[in-house]
Amino acid sequence: MNRTSSASWVKLMAGTAALTLALAACGSSDKDTDSTASDSPSPSESSSAAATDTFTNDTCSADQTSADTLRVGGILPLTGNLAFLGPPEVAGVGLAVSDINAAGGVAGTKACLDMQDSGDSTDMSVSTNSAGQLVASKSSVVIGAASSSVSLNVVDTFAQNKIVEISPANTAVALSGYSPWYWRTAPPDSVQGAALGTLISSDGWQKVAFLVFNDTYGTGLRNYVEKTVKSNGGACVYGCKGDGDEFPAGQTTFSTEVSAALAAKPDAIVVLAFDESKAIFPELKAQGWDMSKVYLTDGNTADYSKDFPKGTLEGAQGTIPGVDAAQEFKDRMSGWYQVAEGEALKDFAYGAESYDATILAALAAAKGGATDPQTIRDNLAAVSGANGGTECTSYAECLTALESGDIHYKGVSGIGPFNENNDPSSAFVAIYKYDADNKNVYTTAVEGQAS
């Protein structure tokens, strides 16, 4: 079924209790609407910026600490079932550190990068050990984790040691306002859940099934999607809140779960999982499900062109919080990763949020005149624009603007200033549709206000 008109989309958005969403940009190849694109964030034309940049991979030495250096720690998925998110997030942080140093550093000193592995929720010892290393090395700020469950495992460690943690990808509502030391540049599940639920309803589907793993991220997002579908007159027929149909993280076969979901005769199926999705999609296809009626989220909306036969996911749709970043920025991230890791980026999810998290931390340090975590924490809201101020879009530009007073850093991720819960007050959710090559192609972005 074709997507409904933009007027119907906005009407459905307005009916969502958790937040207000509005059509922000349209770049879809699906030409069945007459809506026009606004001046909200959207992809730009390709640029040669990466070729003209000079990138530095500024790794930390043992004697660099928060006492005299902006020591940017990372706790991101280098291994595990979210490892596909590692490269763009690492690139976002690394590029930001490179840009910070190109502009003269922070408070008279250079910034440095200390990247550690978060692993995933199937083995929390990885993140526990990495958090301990980042505390011992006296980080100024830690960027991560990607998984909400992993952050819930380490957030108290950072808070107890008074180290700022900024996640570029956590969406669990349980983390909103969790600690004065915890912040994030990704919106809570209420924003993405409402966007995905509204997309499903606007596509005309009424009966929805969920294939969801038993993880804080999965169940929390399921609850918001289900709530939105129901508020739009639909129903959940399998995998619903309270039914106990969740599967454990790390499961590898799904014939039983898929059969049960199909037996409930849904109109659409939402898959909420990480790397488990690579086993779920072929099973859905094998059991005859129309893959154009599959919906994904940021945990599994990725490029599967090398994983499945052509056409496996054609027509499926997925959401990723954040704008589809301008091509110039993607080129710069990929250029930095090429220098640091010897290869180009394949995915870009949460790269912009990782970049902005790092830039915001550096601006907070610059505003306070020191690189310790307390200074960063005390100034983060202010440099994000919570107090208004001069708008600026790069670290160098914002440094100059700080000399005259308050600033509002408007970064590449398109988020609004931090609110009282240390969440973005507003954020975009990008919608992707899979082509015949199993690649997720950007179609639209919607903006949501956090409740």
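Author: The account below concerns helix H11 and the helices packed around its neighbour H10.

The model is predicted, so local features are given only at a pLDDT of at least 70 and side-chain atom pairs only at 80 or more, while totals for chains, interfaces and linings use all residues. Residues are numbered from 1 along each chain as its sequence is written, and side-chain values use heavy atoms, without hydrogens and water.

The protein chain has an average pLDDT (the predictor's confidence in each residue, from 0 to 100) of 89, and 88% of the residues score at least 70. Over residues 1-49 the pLDDT is below 50, although this stretch has 109 contacts in the model beyond near neighbours in sequence; contact means heavy atoms within 4.5 Å. Where pLDDT is low, the predicted coordinates should not be read in detail.

The chain contains 13 helices and 15 strands; these are DSSP runs numbered from the N terminus, helices being H or I with at least four residues and strands E with at least two. Of its 451 residues, 58% are buried, where buried means under 20% relative accessible area, exposed over 50% and partly exposed in between, with a 1.4 Å probe and protein chains only.

Helix H11 comprises residues 351-368, 18 residues in number. From its first C-alpha to its last it reaches 26 Å, close to the 26 Å expected at 1.5 Å a residue; the expected span is 1.5 Å times one less than the number of residues. Because 15 of its 18 residues are buried, H11 is largely enclosed by the rest of the structure. After H11 comes glycine 369, with a positive phi near 75°.

Helix H10 (residues 327-341) packs against H11 at an angle of about 80°, the axes being 11 Å apart. Axes are lines fitted to C-alpha atoms, for helices over the stretch in contact, and angles run from 0 to 180 degrees between N-to-C directions. The angle makes H10 roughly perpendicular to H11; that term covers 65 to 115 degrees, with under 35 roughly parallel, over 145 roughly antiparallel and the rest oblique. On the H10 side, Phe329, Arg332 and Met333 meet Gly351, Ala352 and Tyr355 of H11. The residues of this contact of H10 with H11 are four nonpolar, one polar and one charged; Ala, Val, Leu, Ile, Met, Phe, Trp, Tyr, Cys and Pro count as nonpolar, Asp, Glu, Lys and Arg as charged, and the others, Gly among them, as polar.

H10 also packs with helix H3 (residues 86-102), at about 90° and with axes 8 Å apart.
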